[in-house]
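Hi everyone, thanks for coming. Let me put the structure up on the screen, and then we can walk through it together.

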Amino acid sequence: MTSTAKSSRSSTRHPGAAAVALAAAAALLAGCSSSSDNKSDDPLSEGKADGSTVVVGSNNFAESILIADIYGEALKAKGIKVTYKPNIGSRETTYGLIKNGSITVLPEYNGALLAYLDPKATPKTVAATTDAVDAKLDPKLTLLEPSTAQDKDSVTVNAETAKKYNLTEKSSIGDLKDIAKDLILGAGPEFQTRHQGVLGLKSVYGLEFKSFKALDAGGPLTQAALKKNTVQAADIFTTDPTITKEKFVVLQDPKNLFGFQNVQPLVYKSGLSKEGVDALNAVSAKLDTEALLDLDAQVQLEKKDPLEVAKAWLKSAGLD
């Protein structure tokens, strides 16, 4: 989930949150963009597709940008005209843009989207998660087929903290209950007000951290803070290759706070043809967690261009 997440991911918001997310996105956009071609200089511009152009957007973390490139290039392979609005911001911003038609296609994570739309929902299967999302979605929107690829938010501790408190990959989030008061938690700003975040960590696991440090959605700021021990625990997406590289420890989530998180296209119905729907469903049929982890490593560790990584994967999957 990312570095993204995935981050960028769930629950209801207070009235001013969208403005905060918008401001944060604008700050990020000043120095960040994907290298994909035909991409808008202003991802937050309100220009809509002209009816023949599909606008593919992404949230403000590396994995979302990568998956958006995969979706966009898969559509281009079918002769569909595509433009990109990359790195927009968190769900609190992007959901509004796809609802009003400024975006046609957006990579989503079914459980996180459900938590945003209905934080009390607790589906037990992937299919039930999708059905629950569809029941709450704006009628102009729909989810296409889910992939088996999952990327979840997590509570992850650094090697120093794991050693100090004897935490391993078999330890659970609940094991932090007595020590959370001594730990600083780092994540994207939206994590502080989400059920799949600070609110749920308190209500589901009884955790109250020493403090919260607003960073980015599982991205380089959060990774660096965890590595330097500026924060001792953080929301790191489970397909993030830095987990292995830095010997971070991802804690188990036995109460399923972070739910199912299958990668799934969210679509503005009237903006995508049947051919486009089929192209994106074909991507979902091929994309699994192992492939996603490998693609993330290429972009985040090897510093490859996400567009080129996307094109190479589509070719290897027979979807170019």
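So, how many bridges join β6 to strand β7, and do the two run parallel or antiparallel? There are 4 bridges, and the strands run parallel. Do keep in mind that this is a predicted model. If you want to find the pair on screen, β6 covers residues 184–187 and β7 covers residues 211–214. Ile 184 sits opposite Ser 211 of β7. To get from β6 to β7, the chain passes through helix α7, residues 195–205, in a right-handed β-α-β crossover.

β6 has another partner too: strand β8, residues 233–234, also runs parallel to β6 and is joined to it by 2 bridges. Here Gly 186 is the residue to look for, standing opposite Ala 234. As for the two faces of β6, Ile 184 and Gly 186 point one way, while Leu 185 and Ala 187 point the other, and all of them are buried.

Now let's turn to the cores. The largest nonpolar core contains 38 residues, and Val 56, Leu 75, Leu 272 and Trp 313 have the most contacts inside it. Elements giving at least two residues each include β1, β10 and α12, but the largest share, 7 residues, is supplied by α2.

Zoom in on Leu 272, please. Leaving aside residues up to four places away in sequence, its contacts include Val 54, Leu 75, Val 105, Leu 144 and Val 267. Apart from that core there is another one, of 21 residues, with Ala 162, Leu 176, Phe 209 and Leu 251 among them.

That's my tour, and I'm happy to take questions!

Key:
Residues are numbered from 1 along each chain as its sequence is written. This is a predicted model: local features need pLDDT of at least 70, side-chain atom pairs count only at pLDDT 80 or more; totals for chains, interfaces and linings use all residues. Side-chain values use heavy atoms; hydrogens and water are left out. Buried means under 20% relative accessible area, exposed over 50%, partly exposed in between (1.4 Å probe, protein chains only). Two strands pair if DSSP finds at least two bridges between them. A crossover is right-handed if, with the strands pointing away from the viewer, the path from the first strand over the helix to the second runs clockwise. A nonpolar core is a set of buried Ala, Val, Leu, Ile, Met, Phe, Trp, Tyr and Cys residues joined through side-chain atoms within 4.5 Å. Contact means heavy atoms within 4.5 Å.
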